[in-house]
Amino acid sequence: MSAVLDDMDSRPGSTTSLLRTVIGLYLRDAGGWMSTRHIIALMEALGVSAAVTRTALSRLKKKEIVFPRLYQGVPGFAITDGAAAMLARGDRRIYNPRLMSSADRWCLVSFSIPETEREKRHQLRRRLHWIGCGTVAAGLWICPDSLRDEVEEILEDLELRRMSTVFVTDAPLVGGSLRDAASAWWDLDAVAELHRDFIGHHGSDGGGSSGDGPEGGSGDAHQLMEASREASAETFASYVRCIDRWRIIPYLDPGLPAEFLPEDWPGMAGIALFERLGAAYSRPSADFVRRTLES
């Protein structure tokens, strides 16, 4: 379970983060193994030198994301079992962002952990934060009920289940407005900034501004598909950097119902842009990788 934090611990845009994204996108599709030479070639398309890539591979080896493996006498790297589970969990988040409705239920996590277990208490809070839970009080956290299985997994992994109680409930009843409560429980300003940062970096790739929305003018998916037909290193680099910057957002964004969010919430525009970019770039990028591996 600790490996789930790799998604957040690697700063988007860093070499280690970009390599982790390439591995998540393409190494599994290549059969779970890829030669070192081809990994270096793909990273060079991102502007990363062979020497720097080898250093990043060593870091991911230490994190138990990959391990060195010879295949038919050729040196390369394979994905560990733990990383495979982490990447599968990441796929569900990245490509299916959470969007709660008003009728969806909530999960409350109450815990009382003695001072002798303060390190576990710190890890619990850290992990709950990184899967998108909000803090109602020091020992009471809240999240969409769709996250309950992950909450249970965290509690079991830290051996804290007997010190915790999980409740399932309808919408919480608060003294003020739901928007005020949500802004106190989650750092929605930080999550909104992540969406705006993504839109700012990749809005021009999508052919429209952040205000275009799902049907946004020049960001039309058909135009994007036409513009991206040719599989190229540039298309590959754009897509990898898009995924790399996006992938932490679905972890931290709880996908709250509209009545919990500020009126100028940028989340829907961010999701729409991500989906347009994926429709435009995923196939030509995969074609570029296939051609690289066949070379």
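Tyr26 is in contact with Met34, Phe236, Tyr239, Val240, Ser285, Ala286 and Val289, leaving aside its neighbours within four places in sequence. Tyr26 is also among the residues with the most contacts inside the largest nonpolar core, together with Leu46 and Phe236. The model is predicted. Its chain has a mean pLDDT of 88.

**Nonpolar core**

- The largest nonpolar core has 44 residues.
- Eight elements are listed as supplying at least two residues each: α2 (15–27), α3 (36–44), α4 (50–62), β3 (74–79), α5 (81–95), α9 (188–202), α11 (233–246) and α13 (267–294).
- Helix α13 gives the most to this core, with nine residues.
- In soluble globular proteins, nonpolar side chains tend to be buried together.

**Helix α2**

- Helix α2 is mostly covered, with 12 of its 13 residues buried.
- The buried set includes Thr16, Ser17, Arg20, Thr21 and Gly24.
- Leu18, Leu19, Val22, Ile23, Leu25, Tyr26 and Leu27 are buried in α2 as well.

**Thr53 in helix α4**

- Thr53 lies in helix α4.
- Why does Thr53 count as buried? Its relative accessible area is 0%, so Thr53 falls under the 20% cut-off for buried residues.
- Thr53 touches Leu19, Ile39, Ile40, Met43 and Val48, not counting residues up to four places away in sequence.
- One of these partners, Leu19, is a buried residue of α2.

**Cavities**

- The structure holds two cavities of 30 Å³ or more.
- The largest cavity has a volume of about 50 Å³.
- Its lining is made up of Pro97, Arg98, His195, Trp246, Ile249, Pro250, Asp253, Gly255 and Ile271.
- How do the residues of this lining divide? Five are nonpolar, two are polar and two are charged.
- Rolling a probe the size of a water molecule over the atoms shows where empty space is left.

**Confidence**

- Of the chain's residues, 88% reach a pLDDT of 70 or more.
- Residues 1–5 stay under 50, and the model has 14 contacts for them beyond four places in sequence.
- Residues 226–230 are also below 50, and this stretch has six contacts beyond near neighbours in sequence.
- Where pLDDT is low, the predicted coordinates should not be read in detail.

Methods: Residues numbered from 1 in each chain as written. Predicted model: local features only at pLDDT ≥ 70, side-chain atom pairs only at ≥ 80, totals over all residues. Heavy atoms only, no water. 1 Å grid on protein atoms, 1.4 Å probe; cavity = no way out; pocket = protein on both sides within 12 Å on 5 of 7 lines; lining within 4 Å. Points joined across faces, edges and corners; volume = space filled by probe spheres on them. Nonpolar A, V, L, I, M, F, W, Y, C, P; charged D, E, K, R; others polar. pLDDT = per-residue confidence, 0-100. Contact = heavy atoms within 4.5 Å. Core = buried A, V, L, I, M, F, W, Y, C linked by side-chain atoms within 4.5 Å. Buried < 20%, exposed > 50% of the residue type's maximum accessible area, 1.4 Å probe, protein only. Helix = DSSP H or I, 4+ residues; strand = E, 2+ residues; numbered from the N terminus.
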